[in-house]
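Trainee: I would like to go through this structure term by term. Please set each value against its definition.

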Protein chains: 2
Amino acid sequence: MATTEPRKSRPRGRPATGAADGRHPLSRDAIVAAAIDLADESGESGLTMRKLAESLGYEVMSLYNHVANKSQLLDLMVEAVAAETPEPAEDLAPLEALRTFAIDSRAALERHPWAANLLLRQMPGPVRIAHMELQLRLLAVSGLSPELAHHGYHAVNNHVVGYTLQHQALLASMTEFAEEIEEFTRRLSNDDHPHVIEHVEQHRQGETGSSFELVLDFILDGLRRLNEADSRPT
Amino acid sequence: MATTEPRKSRPRGRPATGAADGRHPLSRDAIVAAAIDLADESGESGLTMRKLAESLGYEVMSLYNHVANKSQLLDLMVEAVAAETPEPAEDLAPLEALRTFAIDSRAALERHPWAANLLLRQMPGPVRIAHMELQLRLLAVSGLSPELAHHGYHAVNNHVVGYTLQHQALLASMTEFAEEIEEFTRRLSNDDHPHVIEHVEQHRQGETGSSFELVLDFILDGLRRLNEADSRPT
DNA sequence: CCGCCGTTACGTACGCCGTACGTTCTGAGG
DNA sequence: CCTCAGAACGTACGGCGTACGTAACGGCGG
């Protein structure tokens, strides 16, 4: 039907004279920002090159003039989220600085529920490498042995990412399967799962939340304690 | 071309007289088992209804006579993996039993790299509910306060799943992007990232592995210590 | 001033994916 | 012998990422 007329109503090619119509001229940064917004709203599965182009007012393939492929776009999104984490204050003790950095990292991940899952699959970019260097340096100058510093890095990182992943999954389940959960717990109600029911009830009363910092301190205290025990016999 | 002949070489309908050809008669359990095998080989993205049917010697839509949809199939796969974890011995102290259960759970997840990622998205089935009840019971009878038991459950579970997720991601990166990593670290070699380079070098020498149980004990010891501190002033 | 060219936007098309739907065959029960 | 539920099948649809060719613009050498 439309093949008879050679072009559509909107002028083709670059928008006449520097984006004279309502839209910005489509840069890489604009694409990444729009992708983050779209993923925040619709989840990772809702982020589609087609929908992303539509949200920007462009056609799909125009995006590929600015990003190589979807994988690179996801890389850029993860880096942008990582860049939201502020550097810790410099006057803090090393492990205190690491503690606040972990808390701030988690806050950034919590703002973008898709980010934690993506972290696992993508190679780290410059921002994440810099964060890694920062955390490793803090561990090194805190007086921990090299082995403990190595394990401490993974322990803290695992905790930040793992906790956020599960928290987001829990939130998603609670909103998506609300009535299934309702019926599910009622079916078990007086059965042989008393502790599960109590646990769910604790969640309903908002018992959660402080658990992240609790375990973070278990890890940091454990590192300190183990380091003292190792160095005392010397 | 083939539309002229009314049927293909292989006989249609149910296989003549109880799977007289080489294949089993396609049950739900057989489909789940084949799906697990396929995902173990090709990863979650490699598990496709088409490939799964092909690996079983059937056509795609025949699978839907035994499973409702792909999401249900993934549910069944996760449950099957969870069922691989043995129950802990009954003569152990509660927190010791929880410790071995965590280690065994991690081993099962490690055998199936796709499982940890799936755990986060799927609603728990009967097997996982039973495991949840088991862990909560162990925490309850260990003498911890209800709040500490609640947090302890999440702490241990987060650690098991989170650690496995990151470990699998690390292994995948190391095999998939081997030369990229090689060049990447060489580019940084004498730059301003000394700790990252040292960390990668530690990994090359196999410094990893024991970190899981180390942090697990940090968590369990932290729970015990905090419980004593709470109950002593009484 | 003119004509070329690199850059960007666009449209079409291909090969995957999950799966809805209608058809064809089978063995079992009356 | 006939019927009938259920399994296996083939086709088709909409959505995905993206390869490829085309069209319109701005800038620049002549």
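**Core, contacts and axis**

Mentor: The largest nonpolar core has 94 residues, and those with the most contacts inside it are A35(A), M77(A), I219(A), A35(B), M77(B), L139(B) and I219(B). This is a predicted model, where local features need pLDDT of at least 70, side-chain atom pairs count only at pLDDT 80 or more, and totals for chains, interfaces and linings use all residues. Residues are numbered from 1 along each chain as its sequence is written, with chains lettered from A and ligands numbered from 1 in the order in which they are written.

Trainee: What makes a set of residues a nonpolar core?

Mentor: Its members are buried Ala, Val, Leu, Ile, Met, Phe, Trp, Tyr and Cys residues joined through C-beta atoms within 7 Å. Buried means that 20 or more other C-beta atoms lie within 10 Å of the residue's own, with C-beta atoms placed from the backbone.

Trainee: Which residues does I219(B) touch, not counting those up to four places away in sequence?

Mentor: They are V215(A), F218(A), A155(B), V156(B) and H159(B). Contact means C-beta atoms, placed from the backbone, within 7 Å.

Trainee: How many residues of each chain are in contact with the other?

Mentor: 39 residues of chain A are in contact with 39 of chain B. The largest share of chain A's side, 15 residues, comes from α8(A), a helix (a DSSP run of H or I, at least four residues, numbered from the N terminus).

Trainee: Why is the relation between chain A and chain B called a two-fold axis?

Mentor: A rotation of 180° with 0.0 Å of shift along its axis superposes chain A on chain B, with RMSD 0.0 Å; therefore the relation is that of a two-fold axis. The superposition is by least squares on C-alpha atoms of residues with pLDDT of at least 70 in both copies. In chain A, the C-alpha nearest the axis belongs to G162(A), 2.1 Å from it.

Note on methods. A residue is buried if 20 or more other C-beta atoms lie within 10 Å of its own, exposed if 12 or fewer, and partly exposed in between; C-beta atoms are placed from the backbone. Two residues are in contact if their C-beta atoms, placed from the backbone, lie within 7 Å. Helices (H or I, at least four residues) and strands (E, at least two) are DSSP runs, numbered from the N terminus.
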